[in-house]
Amino acid sequence: MSMHGGLQVQLEAGGPIRLAASFDCAPGELVALVGPSGSGKTSMLRAIAGLWSPPALRGRIGFDQQVWFDRAQASCRPPQQRRVGLVFQHDALFPHMDVMTQVALAAGPGWDADGLGQLLERVGLGGLLHRRPAQLSGGQQQRVALARALVRVMPAPAQPAGAAEGVLLLDEPFSAVDAPTRQSLYRELAAWRQQVAGPMVLVTHDLGEARRLADRVVIVDAGQTLQAGPPDKVFASPRNARVAELVGIQNHYRGRFHKDRPGWARLQWLGAQGSVALEVIDKNRIDEGTPVTWVLNGEGVDVLSDPAAGAENASPEGPNLLPCRLQEVLPLGDISLCTLVPESLPDQRITLNLTGRLLRRLQAGPGGRVQLRLSPQALHIMPRK
């Protein structure tokens, strides 16, 4: 079924680039495709734009009420008949053309010199219309690339309100610029999102970028879409062990699930030299005694002082309190990458990013002891396959 004003993608390919992917993007929504290099993210973007449609590619791409690609119906619109604006990792500008000519060449119906000038002024290029790419900074070049994509998908100022908009595709557009320029371009994109009503698809391998910019993320691996949802939910509640690995969760363990009182369960954290019982929320999705894998979201961990340090610093009692030894503290600016060893599970490791201020307050350093309080909401459990 077509989503009015939205993009729907269902693609399969047996090789040489393998795909078994599907996702959608609603009008005004920004969806980030996240995954390692070689996972098929850019191939999907190129397929949407009509730049990649080998005989092995099957499936369907639809936008609004249009079919852009349908192998079963032998239908494939050429790129020029798809209202798509594409920003590449490297700007891909024509070296012999000035800024105005670059953007005018891509402009859709209704754009005139005045409208293009207004757009370029809004993206910070108003005084640079007659410069060529070699005379621009990296950030300015990416702004030209963004303007060139926007005039493909946005209605011209002279067109009536409600005119159709296209699909904006962003293929790692910020990875080739320095950090200050990247932050500036993030703000630029955020501002333009207030003006662009069409779907936007961003390819990135940067989890922080996806969390910062996207309404939804789609985790992609080896050509397959593994999980989709709001960034906070996907990163905190991965569907399986592979998703947990791809979203950078380091604290990944094995255990066994046991039913407890209504609404609650007991997670038996299994180590080679023992086990620890942790209280978790029971969502009635896992049966009694099921072997599970589980991940710990560091944002749901409180680090407390060692109760042996004295009564005045004693930690409060409660569930999921875990005495640990600080095995390693690696300062990274004001944040330290800390490795902790649970005293009752000496073969297990917990990795947390802790501030120097917290470590100083706790008077904790390598070899010292602290106590962790694990929020039940920070423990995400998955059946083991």
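Which residues do ring pairs link into a cluster? Hello everyone, let's start there: Y253, W269 and W294 are joined that way. Rings of Phe, Tyr and Trp (its six-membered ring) pair if their centres lie within 6.5 Å, with planes under 30 degrees apart called stacked, over 60 edge-to-face, and the rest tilted.

A quick word on what we have here. This is a predicted model, so local features need pLDDT of at least 70 and side-chain atom pairs count only at pLDDT 80 or more, while totals for chains, interfaces and linings use all residues. Residues are numbered from 1 along each chain as its sequence is written, and side-chain values use heavy atoms, with hydrogens and water left out.

Back to the rings. By that rule there are five aromatic pairs. Take F63 and W68: their ring centres are 5.1 Å apart and the planes sit at 45°, so this pair is tilted. Buried, for us, is under 20% relative accessible area, exposed is over 50%, and partly exposed is in between, using a 1.4 Å probe and protein chains only. F63 counts as buried at 5% relative accessibility, and W68 does too, at 0%.

Then there is F174 with Y186, an edge-to-face pair with 5.1 Å centre to centre and 80° between the planes. This one links distant parts of the chain, 12 residues apart: F174 is in the loop between β8 (167-171) and α5 (179-193), and Y186 is in helix α5. For the labels, helices (H or I, at least four residues) and strands (E, at least two) are DSSP runs, numbered from the N terminus. F174 is buried, with 5% relative accessibility, and Y186 is buried at 5% as well.

Now to the nonpolar cores. By a core I mean a set of buried Ala, Val, Leu, Ile, Met, Phe, Trp, Tyr and Cys residues joined through side-chain atoms within 4.5 Å. The largest has 54 residues, and L120, L150, V217 and I219 have the most contacts inside it. Helix α4 (residues 138-153) gives the most to this core, with eight residues. Apart from it lies another core, of 34 residues, with A265, L362, V370 and L374 among them. As background, nonpolar side chains tend to be buried together in soluble globular proteins.

Let's zoom in on V217. Contact here means heavy atoms within 4.5 Å. Leaving aside neighbours within four places in sequence, V217 is in contact with A32, V34, A210, Q227, A228, G229, P231, V234 and F235.

How do the helices pack? Axes are lines fitted to C-alpha atoms, for helices over the stretch in contact, and angles run from 0 to 180 degrees between N-to-C directions. The axes of α2 (residues 99-106) and α3 (residues 113-122) come within 11 Å and cross at roughly 115°. Angles under 35 degrees count as roughly parallel, over 145 as roughly antiparallel, 65 to 115 as roughly perpendicular, and the rest as oblique. So α2 and α3 are roughly perpendicular to each other. On the α2 side, V99, M100, V103 and A104 make the contact, and on the α3 side A113, L116, G117 and L120 do.

Moving along, the axes of α3 and α4 come within 10 Å and cross at roughly 135°, so that pair is oblique. Here L116, L119 and L120 in α3 meet A147, L150 and V151 in α4.

Next, strand β8, which holds L170. L170 is buried at 2% relative accessibility. Not counting residues up to four places away in sequence, L170 touches L45, V87, L189, V201, L202 and V203.

Beyond neighbours within four places in sequence, P79 is in contact with A49, G50, L51 and R152.

Finally, some backbone angles. Most residues other than glycine have a negative phi. A74, though, has a positive phi of about 55° although it is not a glycine. A74 lies in the loop between β5 (66-70) and β6 (75-76) and is exposed, at 73% relative accessible area. N284 also has a positive phi, near 60°. That residue, N284, lies in the loop between β14 (274-281) and β15 (291-296), and N284 is exposed at 62%.
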